[in-house]
Amino acid sequence: MRYNNGNNQNMRRYPPQPRRPKRRAKKTPLSAYGYRVVLFLFFFTALSGIFLIAFFFNLTRIKSPPDILYAVVSNQIKDGKEITLSYDISLPYGTGFANGRHYFPINDLLEEMDFVRFGDRNETSFVRSKSDEYIKLADGSSLAYINGEEYYLSGPAFSDGGDIYAPLELLRNVFLNIDVDFNQDKNKNRNKIIIGVAEIKETCFRIRKTRKPEPIGETPGFGEYPVEFKADLEEYRQYFDPPAGQSSEYTALINHSNPLNPPDYIPPDLIDVADTRSDRSPRQLRYYPAKALEAFLIEARANGHHNITVTSAYRDYASQEQLFGTEVARLRPSHGDGAEAVAAISIMPPGHSEHQSGLALDMHDIATGAAQYFGSTPQGTWLAENAHHFGFILRYPEDKTDITGIIYEPWHFRYVGRFHAARMYEMGLCLEEYREQYITD
């Protein structure tokens with residue numbers, strides 16, 4: 001007999017009910033494969049970054065300027081016999097070509113020539129043991145002393161790792177027994193400069209000798225034209241030499257020692273040149289050089305040089321004064337009282353500039369600009385080799401800086417007339433040398 005006292009629960013047990021599974025969210029393609037997409041994007045971005053870095057590194061490496069290779073060939077006397085020693089010096093482009101010019105570590109070369117080194121990296125002297133010759137250079141300065149005389153380098157000397165670097169023109173223009181030749185080392189894709197050092201028994205520094213001046217006639221022509229022009233320049237031929245009887249006016253020497261007279265001189269026949277750079281106001285020259293220049297650049301374009309334009313021509317006294325003053329102010333912090341002298345090796349002081357005469361101009365292609373390496377480009381080379389056909393000279397050649405007192409400027413041309421220009425070109429003379437040897441006013 002069962003009974004219920006009211007305290008017991010119903011003892012019947014029911015079988016357990018199965019639990020319903022929780023409803024899961026329905027998967028979308030994005031949620032199902034999202035992590036794979038993210039992973040793919042991560043690796044793709046990483047690989048792309050690596051590829052781009054490698055690409056630009058390779059591009060930079062390919063397009064970086066070639067090293068400067070100096071091949072030094074030295075003739076020496078050893079044990080009474082003449083022997084030839086040769087060695088190479090390879091410099092990174094930024095060291096071998098700085099401040100717009102080639103540099104050479106001169107210390108080893110000078111020691112080879114019996115110079116003894118004194119001083120430190122800030123100021124170094126080289127004294128030749130066999131004579132009283134010496135040269136002193138200061139780090140960061142364009143002023144050097146050679147046998148007690150001031151000599152202004154075309155760029156500041158500098159020291160690097162114990163070596164003393166000076167512009168290459170110092171070797172070419174100052175040393176009597178050194179020859180410099182530019183070449184291209186095609187196998188190594190480097191600029192190759194051959195420096196030949198000859199045995200010298202007495203003096204090493206150049207002693208310039210000039211011939212007795214031989215006056216020449218004022219002939220307006222110079223024989224037959226040495227080239228056949230590609231362009232039709234018949235209407236311009238009359239301007240390749242100045243008017244008869246006025247040759248001396250166009251060959252006037254204007255430099256540091258020979259100012260214009262009067263200092264504020266203004267040319268009488270200025271006209272706009274036909275090939276002023278497009279972003280400049282029209283530049284001007286005197287009539288004859290302006291017309292000769294027009295023919296010069298017509299022929300340049302006929303020979304494939306289409307990008308040469310005139311950036312500067314006539315500048316009055318005030319403009320030259322401002323230009324020179326700006327350069328002096330820029331150099332004053334580093335050169336102090338010597339700032340004007342240093343400025344004058346690249347910019348003529350007012351009253352001494354050929355630009356003020358209306359006979360000189362600066363021209364180059366826009367891509368290169370007024371840089372010394374313009375002289376080694378196809379355009380610069382063509383201009384220098386053909387200027388004399390039109391009455392112009394390259395006024396400040398690379399190997400004449402010690403005479404002109406101005407750095408190498410492959411963009412600066414001066415009109416003197418075809419007769420004199422051709423003679424200077426054939427003789428390898430600058431205007432100072434030519435006037436001293438051949439012209440008596």
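**A few notes on this predicted model**

1. Let's start with a loop: Asp 114 sits between α3 (106–112) and β5 (115–119), where helices (H or I, at least four residues) and strands (E, at least two) are DSSP runs numbered from the N terminus. This is a predicted model, with local features needing pLDDT of at least 70 and side-chain atom pairs pLDDT 80 or more, while totals for chains, interfaces and linings use all residues. Residues are numbered from 1 along each chain as its sequence is written, and side-chain values use heavy atoms, without hydrogens and water.

2. Have a look at the backbone here: Asp 114 is not a glycine, yet its phi is positive, about 70°. Most residues other than glycine have a negative phi, and most peptide bonds are trans.

3. Another spot to check is the cis peptide bond between Asn 261 and Pro 262, with omega about 0°. Pro 262 belongs to the loop between α5 (247–250) and β14 (270–272).

4. Next, the helix pair. The axes of α6 (residues 287–302) and α9 (residues 378–386) come within 11 Å and cross at roughly 130° (axes are lines fitted to C-alpha atoms, for helices over the stretch in contact; angles run from 0 to 180 degrees between N-to-C directions). Phe 296, Glu 299 and Ala 300 of α6 make the contact with Trp 382, Leu 383 and Asn 386 of α9, contact being heavy atoms within 4.5 Å.

5. Finally, Phe 104: leaving aside neighbours within four places in sequence, its contacts include Tyr 70, Val 72, Ile 89, Leu 109 and Ile 195.
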